Amino acid sequence: MRWSQAHIPTLRDDPADAEAASHRLLTRAGYMRQLMAGVYSLLPLAVKVRAKIATIVREEMDAIGGQEFLLPAIHPAELWQKSGRWELVGEEMFRLQDRRQSDLALGMTHEEVFTSLALELASYRQLPQIWYQIQTKFRDEPRPKSGLLRTREFTMKDSYSFDIDAAGLDRAFDAHHEAYANIFRRLGLEAIPVAASSGLMGGTGSVEFIVRTDAGEDLIVVCPTGDYAANMEAAAARLDEVLDEPGELEKFPTPGVKTIDDLANFKGGAPADRQVKSLTYFLDAEFVLVLLRGDHALVEQKLADHTGALEIRQANPDEIKERLGAEPGSLGAVGVSGFRILADPALKGRTNMTTGANEDGFHFRGVDVDRDLNINEWSDLRAIEAGEACVECGNPLEVLRGIEVGHIFKLGERYSAAFGAEVLAEEGTANTIVMGSYGIGLERSLAALAETYHDEAGLKWPMKVAPFEVVISVIRPDDAETMGVADEIYRQLLAAGVEVLLDDRDERPGVKFADSELVGIPLRITVGPRGVADKSAELFDRRSGEKQDVSLDKAVGLLVELVEQGREPV
Ligand SMILES: [Zn+2]
């Protein structure tokens, strides 16, 4: 490709609204343009990178016996009603009606459609099956942001496994786990597998693959020894043992005290870890009290996972006052009954605690959790903080930020039971198929690569995913002899199968260098009149930043060698 003919609209400045490096650089370097919030057009450079990612994904899926399908992106409502997700998913699903007023959805995932196809599986002899596709998905994100990291239209490789029993599912799940590790290793992405919540998918097992970046929205909890890693939504930590003094229950005035901090600083109050924090929620319209230690934060997903509630929202002050008789700031559970009360195990067995008295401006001290609170259910609900002890080894945990590039689920019979997907077992009985579901975001992976491989000057692709492997920067393309030499190198590289971009634009050298570094092409060879006169050219490796002069007759051989080193072993 000649740069003069290529559509690579590089920009001098960062887009104003872009914070994440991938968003900033992919826009500036001419890889993408925003069409509307969370929806992007991919330009030719991005299409090339994405195609290389897709090739690696396909190869690893085929290696574990995957068969490629292509399912529609538009779905009839009936399928989603059958699984119960038409109601369950809510506003994140794009919905529309056709001219006959039939309800339709734009697919955000394809469990329903794949399961409907699995109805044609009849016998255990046809199992196991692994079916996959690379298809556009839609999700009406409330806050699309960070360019390709959080979009409303995106491409996923999604696959689905169909097995006769749980042992089969375990094998399919493990095979995907390994395939994903291979995919991310081959892409050059360091993706950490972490235990995760199953969320909307349902099911029993769930592992996310997270790439570390400050632009990510996922918090993960990791033990530096490598024996524990979990998403914040599923993470646990060992609790320090606490020795409490016994205490007498006593109500005391706390004028102006509204928060945990206020009470910690109040004379006669208590430090945060000696307080019971009382939160009020509606879980599918049921009012509940959620109790945590004062210094602990609630993870709402843990509340959802524990209760199975579909809709979770905090109660507002009027609703609280009506039920508990006080404003937020003086709430507690002492003597409260008639409402479901859930508590985090960090409160178990605690005595001499302090909490709100359900009377504005009053608290209780000397609270004995077992004696004074009617707790209905104990469940881990709290957010883990850096420095807490690992459940496996006791070492201090780290909390890292990252983006999810892959997610694998053990669905079990969640969808097959709803659709009646059964096969005849060896014994002649009808067995419900056991399923798994597995996803990788293609543009997410592309953005994660951009987050991982960049510097101040721009993108720095690894050879195996780069849109072009070599750029020839021609200084003075108007000089016939120089252009002749550059054309010859270009022709020879093409003949050797190298993906090469010939920068024949009528631009200053500074612009050409800056553009090639912004776009992130791994190798650059600069051909100019002075070099041509002494039969040399400058070779620049974008990845290492190293420059060297090479003689013109050795240049092509060296470039081919470097390209082959950087490519994937075949
Ligand atoms: Zn550990």
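Five strands make up an open sheet here, in the order S28-S27-S29-S30-S31. The pairing is mixed. Keep in mind that this is a predicted model.

Which strands stand at the edges? They are S28, residues 500-503, and S31, residues 547-551. Each has a single partner strand, so one side of each is left without a neighbour in the sheet. Direction ignored, neighbouring strands are turned by 25 degrees against each other on average.

Now one pair inside that order. S29 covers residues 523-527, and S30 covers residues 536-541. The two pair in the antiparallel sense, over four bridges. Look for isoleucine 525: leucine 539 in S30 stands opposite.

Next, the helices. H13, residues 480-495, packs on the sheet. This helix touches S27 (470-474), S28 and S29. Its direction makes about 170 degrees with that of S27. Then there is H16, residues 552-566. H16 lies across S27, S29, S30 and S31. Against S31, H16 runs at about 130 degrees.

Where does alanine 73 lie? In the loop between strand S3 (66-68) and strand S4 (74-76). Alanine 73 has 17, so it is partly exposed.

What does alanine 73 touch? Leaving out residues up to four places away in sequence, the contacts are Leu106, Gly107, Gln135 and Thr136. Take leucine 106. In sequence, alanine 73 and leucine 106 are 33 residues apart. In space, they are 5.8 Å apart, C-alpha to C-alpha.

How values were computed:
Residues are numbered from 1 along each chain as its sequence is written. This is a predicted model: local features need pLDDT of at least 70, side-chain atom pairs count only at pLDDT 80 or more; totals for chains, interfaces and linings use all residues. A residue is buried if 20 or more other C-beta atoms lie within 10 Å of its own, exposed if 12 or fewer, and partly exposed in between; C-beta atoms are placed from the backbone. Two residues are in contact if their C-beta atoms, placed from the backbone, lie within 7 Å. Two strands pair if DSSP finds at least two bridges between them. Axes are lines fitted to C-alpha atoms, for helices over the stretch in contact, and angles run from 0 to 180 degrees between N-to-C directions.
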